[in-house]
Amino acid sequence: MADRSPVLRIITSAARESLKPLGLAQRGRSRLWIDDHGWWLGVVEFTPPRISGSGLYVGAMWLWHDVDHLAFHVDAVRIGSELFRTEEQFTPLALDLSRQAAANVTALREKFPALPDVARYLTSRPVRRGYFWDSFDSGIAAALTGDPDAARDHFEQVLREDALAPWMVEAQEKTRELHAIAADHDAVTAWVTRAVDSCRSKLRLDPVPLAIKGALASAAGRSRPGRTSGA
């Protein structure tokens, strides 16, 4: 059923003021806003509480997961619910939530400006037993940035987990594929490119040709020493 309360209207108005200038796009008429970076998304959700009002959830999603729904693979912030009582009372609360959302979107952009920054973040996290996707994401990032030994180590952690659900079995099948090609950078890049393209299609996002290759090229450009004049 459509949200006919004034809450969504107030939240949308506040988000347009704070998030639209940053380039984020609203998902239809929902409480979700997307910061699209081609191969990853910043995701903002003005979470509905059990009663009228809103909270806030901001995080990053890696599109190599190839799923048909938005997800939070890295959390930036969770803020508890602000309750709606009247429009006059709730409007400034919604504006504050939207400004906090904008600040956290900016923080995510600064944290993950390029693929090597993502790889450093993912691979430097302590191993958390039972956090299945941590090692999966770390392995992909390491393989993409040319560290096949680290990639295989992370993939092996995924494969050591007990597959207690069908989705885990499927994820381990993907992990075995990636483990086998970890040293072949072109093959890993092609695998991730297919996954990202497929995920974007499932999420009904516009195609971004060569999203991963563009990220890798940008990373290579950043690491290349500058030429001296007259070279």
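Asp 75 is partly exposed, with a relative accessible area of 38%, where partly exposed covers the range between buried (under 20%) and exposed (over 50%), using a 1.4 Å probe and protein chains only. Its side chain meets that of Arg 78 in a salt bridge of 3.3 Å, N to O; the term stands for a side-chain nitrogen of Lys or Arg within 4 Å of a carboxyl oxygen of Asp or Glu. Arg 78 is exposed, at 58% relative accessible area. Please keep in mind that this is a predicted model, in which local features need pLDDT of at least 70 and side-chain atom pairs count only at pLDDT 80 or more, while totals for chains, interfaces and linings use all residues. Residues are numbered from 1 along each chain as its sequence is written, and side-chain values use heavy atoms, with hydrogens and water left out.

Let us step back to the whole chain. The secondary structure comes to eight helices and five strands; helices (H or I, at least four residues) and strands (E, at least two) are DSSP runs, numbered from the N terminus. Of the 231 residues, 44% count as buried.

The structure holds nine salt bridges. One of them joins Glu 87 and Arg 9 at 2.9 Å, N to O. This pair links distant parts of the chain, with Glu 87 in helix α2 (residues 87-111) and Arg 9 in helix α1 (residues 6-18), 78 residues apart. Arg 99 and Glu 17 form another salt bridge, their closest N and O atoms being 3.7 Å apart. Arg 99 lies in α2 and Glu 17 in α1, so this pair ties together parts that are 82 residues apart in sequence.

Now turn to Asp 137, which sits in helix α4 (residues 132-144). What is the nearest side chain of opposite charge to this buried residue? That is Arg 125, 5.0 Å away, and Asp 137 has no salt bridge; in this count Lys and Arg are positive and Asp and Glu negative, with His and the chain ends not counted. The side chains of Asp 137 and His 65 are, however, joined by a polar contact of 2.7 Å, meaning a pair of N or O atoms within 3.5 Å; within protein, one must be able to donate a hydrogen and the other to accept it, and residues adjacent in sequence count only if both atoms are side-chain atoms.
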